[in-house]
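Take a look at the sequence and the model, then read on.

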Amino acid sequence: MNAHTETAPAAAASGGSATDKFLHKEVRADTSPERLSAIIRDVLAALFEVIRKHEITYAEYDALKAWLIKVGEDGEWPLWLDVFVEHEVEAVVNRNRQGTAGSIEGPYYVPGAPELPAECDLPRRADEEGTLLLFQGQVRAVDGTPLPGATIELWHADNDGYYSQFAEGLGIPEWNLRGTIVTDAEGRFRISTIQPAPYAIPTDGATGQMTIAAGWSPFRPAHLHLKVSHPGYQLITSQLYFEGGEYTDNDIAQATKPELMLNPTPRTDGGAGNEVTYDFVLDPE
Ligand code: MBD
Ligand code: FE
């Protein structure tokens, strides 16, 4: 516990503010009426199967209605969908990748974070808590060619598991622990930040209430979020986790992968904190 935990944000101010952000996103799926019909029919068929299998009662049907209404009222549809559904979409969309594995984007990405040079400090408060982390590596193509001028969008939670712009009332600066890093002439980057804490789904909103009611853990393991891109290559959205960290084998969002584990070790160059190297490999378009 520390100063930042004293005013835990309400669900409406964390999971809920993801709805306000999402409503600014341009959404266009171009799904044909035939495809839409087939998808909806299959979704309903899967639901009917569950109703028959579990012999759903009218009380349970009404509880479902009440809960669905509350997810919307709490503004938690982006949170609920990204926690419980996105991993399956990610698996399908990225199934043929040769390069770095993908993982889910989650509800807390914000485009347009300040641009930073290859060697940089991710914006953080003067009194930012947490173990310092030097995160370095290289961006390459699948054929091994280094990619100078590649873009790494990096965002992550603070030492209490909160994201800037999604924790009203905590006074976290707008772009705290968010940045758009551009790789150097050799495709390398060297970013100084802190290690995030695990994330807990807010337990006062409909998503957390469902999770607790089912007896599930509301946690995600500590993670870094990334979008890595370069003209001529496919953008990859992924996450990196910390080997041996809490909840790495019990992620409520089922978004960990063995190839996305970091193993930071104490810095050997006299600098404080830990260092870790991770290289990204991009698939051609
Ligand atoms: C997160 O921080 C996150 O990454 C996901 C996928 C869902 C909820 C919170
Ligand atoms: Fe996250």
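Which cavity does ligand 1 take up? The space that ligand 1 takes is the largest cavity. Keep in mind that this is a predicted model.

## Around ligand 1

Taken alone, ligand 1 exposes 260 Å², and the protein buries 100% of that. Two elements each give two or more residues to the shell around ligand 1: helix H4 (77-84) and strand E9 (223-229).

So who's in the shell? Ligand 1 is surrounded by Leu79, Val83, Ile104, Gly106, Pro107, Tyr108, Tyr163, Tyr199, Arg220, His223 and His225. Sorted by class, that shell has seven nonpolar, three polar and one charged residues.

## Polar contacts

Oxygen atoms of ligand 1 have polar side-chain atoms to talk to. Tyr163 puts one 2.9 Å from an oxygen atom of ligand 1, and His225 also has one at 2.9 Å from an oxygen atom of the ligand. For His223, the distance to an oxygen atom of ligand 1 is 3.1 Å.

## The iron site

Now for the metal. Ligand 2 is an iron ion, coordinated by Tyr163 through OH and by His223 and His225 through NE2, at 1.9 to 2.1 Å. Along the sequence, the donor residues follow the spacing Y-x59-H-x1-H.

Tyr163 and His225 link distant parts of the chain, 62 residues apart. Tyr163 is in the loop between strand E4 (151-156) and strand E5 (178-182), while His225 belongs to strand E9.

Technical notes
Residues numbered from 1 in each chain as written. Chains lettered and ligands numbered in written order. Predicted model: local features only at pLDDT ≥ 70, side-chain atom pairs only at ≥ 80, totals over all residues. Heavy atoms only, no water. Near = heavy atom within 4 Å. Polar contact = N/O pair within 3.5 Å; in protein donor to acceptor, adjacent residues only side chain to side chain. Areas by Shrake-Rupley, 256 points an atom, 1.4 Å probe, with all protein chains shown as cover. 1 Å grid on protein atoms, 1.4 Å probe; cavity = no way out; pocket = protein on both sides within 12 Å on 5 of 7 lines; lining within 4 Å. Sits in = over half its atoms within 2 Å of the grid points. Helix = DSSP H or I, 4+ residues; strand = E, 2+ residues; numbered from the N terminus. Nonpolar A, V, L, I, M, F, W, Y, C, P; charged D, E, K, R; others polar. Donors = N, O, S within 2.8 Å, 3.2 Å for Na, K, Ca; no water.
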